[in-house]
Amino acid sequence: MDGPQRTATADPQNELAARLRLIQELSGLGVRALARDTGLSSSSLSRYLSGRTVPPWPAVIALCRLVKRDPRPLRPLWERSASPLPAPPKSSRQGRPTPRNDLPRDVADFTGREAQLAAVLAAVDSHRVVAVDGMAGVGKTCLAIHAAHRLAADCPDADAQLYVDLHGFTEGREPLDPDSALRMLLGALDVPSEKVPREGVEQLAACWRSELAGRRVVVVIDNAADADQVRPLLPGAGPSVALITSRNRLIGLDEVPPVSLDVLSPQESAELLARASGEPSGPDGRLARDPDSAAEVLRLCGHLPLALRLAAARLRHRPGWTVGILVERMAEGSSEFDTAFAMSVRQLDRSQARLFRLLGLLPGGSFDEYLAAALADVPLPSARAMLEDLVDTHLVQESTAGRYRLHDLVHQHARRSCAEQDSPAERERALGRFLDYYVHAAAAADAAMPFLSPGRPASAGHAPAALPRFPDKNAAFAWLVAEYENLVAAFEIADAIGADAHVCELPRFLRAYFARRCGTTHLNALFERSLAAAERLGDPLQLADAHSDLGFARYNAGRMAEADAAYEAAQPRLSQAGDVGSAAELALRRGYLKWDEGHVEEPLELFRLAGKLYEQAGCPTGSAYAAASEAWAMLQLGHREEAAQRAREVLAVPHTDPAWPPTLTARITLGVAIAHEEPDEAAHHLRQALAHARDDGHLNNEAWCLNCLGVALRHMGRYEEALASHREAFALLDELFEEHWKVRFLNGYAETCRLAGLPQEALRLHQQTLDLAPRLGYRYEEALAHEGVATVLDETDPAAAAEHRATGQAVLRELSPAVR
């Protein structure tokens with residue numbers, strides 16, 4: 001917020017009160033006038049301003065909005081004041097969630113570096129951020145991760161330990177851009193996609209800093225290329241800390257203290273070699289019996305930790321070798337890296353060496369055994385066994401349980417070896433298997449996440465012999481989070497090599513993930529390129545699906561006219577292709593668009609058409625989506641009995657997920673439809689829907705449930721409860737800054753206010769709708785707002801009421817000539 005500086009006080013409650021008094025000064029209003037304009041009681045407001053009571057978060061929002069200030073900077077201070085959170089997601093309601101821990105494993109043989117470790121920890125104490133720099137293989141990541149584990153152990157109540165590889169020096173791929181890195185980090189913190197800005201690195205960085213301000217997070221930012229790449233990822237105010245590694249000194253980050261690493265000292269190198277090789281420290285060990293050869297091993301390894309571990313692995317797994325034999329095998333390399341790598345690779349059998357080389361084709365992120373099996377075209381148990389052998393040789397790191405990665409230098413060596421030893425045809429086949437795996441695995445994950453209507457299964461390439469199993473949506477989402485970086489890299493590779501079928505299909509199976517975590521900006525860009533690939537293929541069905549998918553991405557981004565144009569382009573191609581399932585999906589999507597644009601009867605017909613087409617296609621899941629949407633549309637048109645009957649039919653469709661969208665929509669529809677006649681049953685359905693939305697962690701759906709509960713309670717005449725439900729919903733929407741969601745609920749909230757004896761509040765809410773609806777394209781809500789204003793003004797200003805009523809009728813006639 002603008003204005004005077006923060007008051008220096010150790011008491012967050014008093015500091016919050018001081019900030020609220022500054023807001024009052026900015027408003028120029030007395031306590032009573034301020035209370036009236038914000039809808040608060042003057043006695044409560046006096047307690048908030050004096051610091052005697054911590055206000056609820058909606059009250060803070062109301063005060064900030066009155067003076068047109070962003071309330072979000074006050075959120076960390078309000079949280080420290082011990083005020084209860086308004087309707088938090090599932091994890092907060094069920095007690096303290098299990099902290100997220102993405103840190104790679106700490107090495108068991110961490111050796112030396114006492115001074116450097118102390119410098120890192122001191123920098124964290126003083127600045128909360130530190131940058132470790134040094135040459136490749138010198139142990140920067142190892143030190144940063146070791147320090148991060150120390151910090152996590154010293155702070156057991158930390159909220160998360162995160163890790164992100166920026167790939168600043170990974171051969172064969174571009175460094176990770178700050179936009180993607182921030183989205184990955186925000187996703188790792190389970191920040192709802194509704195709160196993540198759709199575009200703009202500055203906005204994403206501000207969101208990241210805001211989230212860190214109220215949490216205790218340790219984040220390792222590995223392999224930064226330069227200061228510009230890492231600057232947006234730095235924490236702001238608050239207790240969170242960041243440890244950065246880079247091969248370059250990040251001189252552009254003046255506020256970040258550097259710690260530079262050199263190679264290990266001779267004593268540290270000898271100690272690491274002995275520990276990593278498992279040799280006894282006494283005179284009976286092989287190293288002790290041949291100190292000259294041991295010293296030569298250290299020299300050949302250049303005192304670099306990575307090379308030393310590779311050499312030690314050979315000695316550990318070859319009990320019959322002397323240290324002299326190890327030196328002979330190492331002497332063939334041209335540098336300390338080649339010396340260690342070539343010697344380690346020579347010990348692999350043929351299948352292990354082939355897998356190692358093919359791993360060099362990967363884009364550089366972490367991977368699992370399923371991908372390794374697909375890449376090498378071997379059975380899953382064989383891939384698992386070979387990976388274990390490669391871990392033993394230190395050529396592959398098992399960063400976390402079941403996930404593997406290659407050090408950048410090892411990756412570079414594997415990539416070069418693959419280019420030298422494997423034919424172009426074999427590399428092309430392996431790359432094809434890599435792309436096939438991600439398309440089919442993403443399709444399997446998408447099928448387990450029933451947030452959208454079901455599409456066709458993957459058809460690009462060939463399904464691998466083994467795919468991960470996803471017993472529920474949580475397992476599928478966790479896989480998508482872990483594999484997000486590789487999925488995007490797979491899309492980029494497919495686009496680069498002209499694998500157009502993969503380019504067409506892969507984004508389609510990422511829709512649910514993007515809807516839950518990453519917003520729509522990136523998905524729009526992916527679908528634009530998918531459309532270009534479909535045009536190159538010239539297949540009518542691929543073209544139809546590409547236009548339809550792009551339209552759906554446009555719709556979710558609020559780009560209504562572009563969505564309509566994409567759907568219009570899809571329609572004739574679908575007629576040519578004759579695919580009933582895709583036609584059903586397009587009809588459903590067009591129904592959503594037409595409804596939000598304000599059309600009244602056309603959406604209902606489109607939902608019914610979608611249902612018939614899904615039945616023809618033999619897709620009961622799609623039929624349930626269409627039926628639930630049909631029921632909701634009938635309710636909005638005033639056909640309560642028909643809506644209730646249709647909703648009950650949807651609820652009769654069995655499904656294992658209580659938060660399945662058709663079930664949620666049906667419960668909400670039924671609850672509002674029968675509120676007059678069956679208030680107890682109505683409240684039961686709506687509260688169940690609310691519980692499921694909260695359990696699912698989808699804040700927009702939670703706000704939807706709360707608003708509909710408010711409408712139902714209004715129908716029951718329980719006005720105070722209705723107002724409380726609406727207010728809780730709008731507190732969520734204010735927190736999310738979601739105007740296009742808010743506009744859907746303002747009229748219902750206003751009607752509750754009017755009937756509860758708050759005409760001025762009702763008028764204000766209807767007027768807010770009239771400000772938003774034309775700009776956002778919600779014409780039906782615009783018409784309803786005019787009618788609402790007219791109803792409020794009927795007794796006090798009949799002329800103005802008549803003008804608003806006429807304007808609303810004119811809007812309705814534009815939308816549907818049948819409406820009078």
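This is a predicted model: local features need pLDDT of at least 70, side-chain atom pairs count only at pLDDT 80 or more; totals for chains, interfaces and linings use all residues.
## Helix α31 and what follows

Helix α31 runs over residues 620-636. Just past α31 comes G638, which has a positive phi of about 90°.

Next, look at helix α32 (residues 640-651) and helix α33 (residues 661-673): their axes come within 8 Å and cross at roughly 145°. On the α32 side, the contact involves R640, A643, A644, A647, R648, V650 and L651. On the α33 side, P662, T663, A666, R667, T669, L670 and A673 take part. The crossing of α32 and α33 is left-handed.

## A buried charge

E781 sits in helix α40, which covers residues 779-793. E781 is buried but has no salt bridge, and R744, the nearest side chain of opposite charge, is 7.5 Å away. Beyond its neighbours within four places in sequence, E781 is in contact with V743, R744, N747, T769 and A773.

## Two loop residues with positive phi

N223 is not a glycine, yet its phi is positive, near 60°. You can find N223 in the loop between β4 (217-222) and α11 (227-230). Its relative accessibility is 11%, so N223 counts as buried.

D377, also a residue other than glycine, has a positive phi near 60°. The loop between α19 (369-376) and α20 (380-392) holds D377. Here the relative accessibility is 57%, so D377 counts as exposed.

Definitions and conventions: Residues are numbered from 1 along each chain as its sequence is written. Side-chain values use heavy atoms; hydrogens and water are left out. Helices (H or I, at least four residues) and strands (E, at least two) are DSSP runs, numbered from the N terminus. The expected span of a helix is 1.5 Å times one less than its number of residues. Buried means under 20% relative accessible area, exposed over 50%, partly exposed in between (1.4 Å probe, protein chains only). Lys and Arg count as positive and Asp and Glu as negative; His and the chain ends are not counted. A salt bridge is a side-chain nitrogen of Lys or Arg within 4 Å of a carboxyl oxygen of Asp or Glu. Contact means heavy atoms within 4.5 Å. Axes are lines fitted to C-alpha atoms, for helices over the stretch in contact, and angles run from 0 to 180 degrees between N-to-C directions. A crossing is left-handed if the near helix is turned anticlockwise from the far one by less than a right angle, and right-handed if clockwise.
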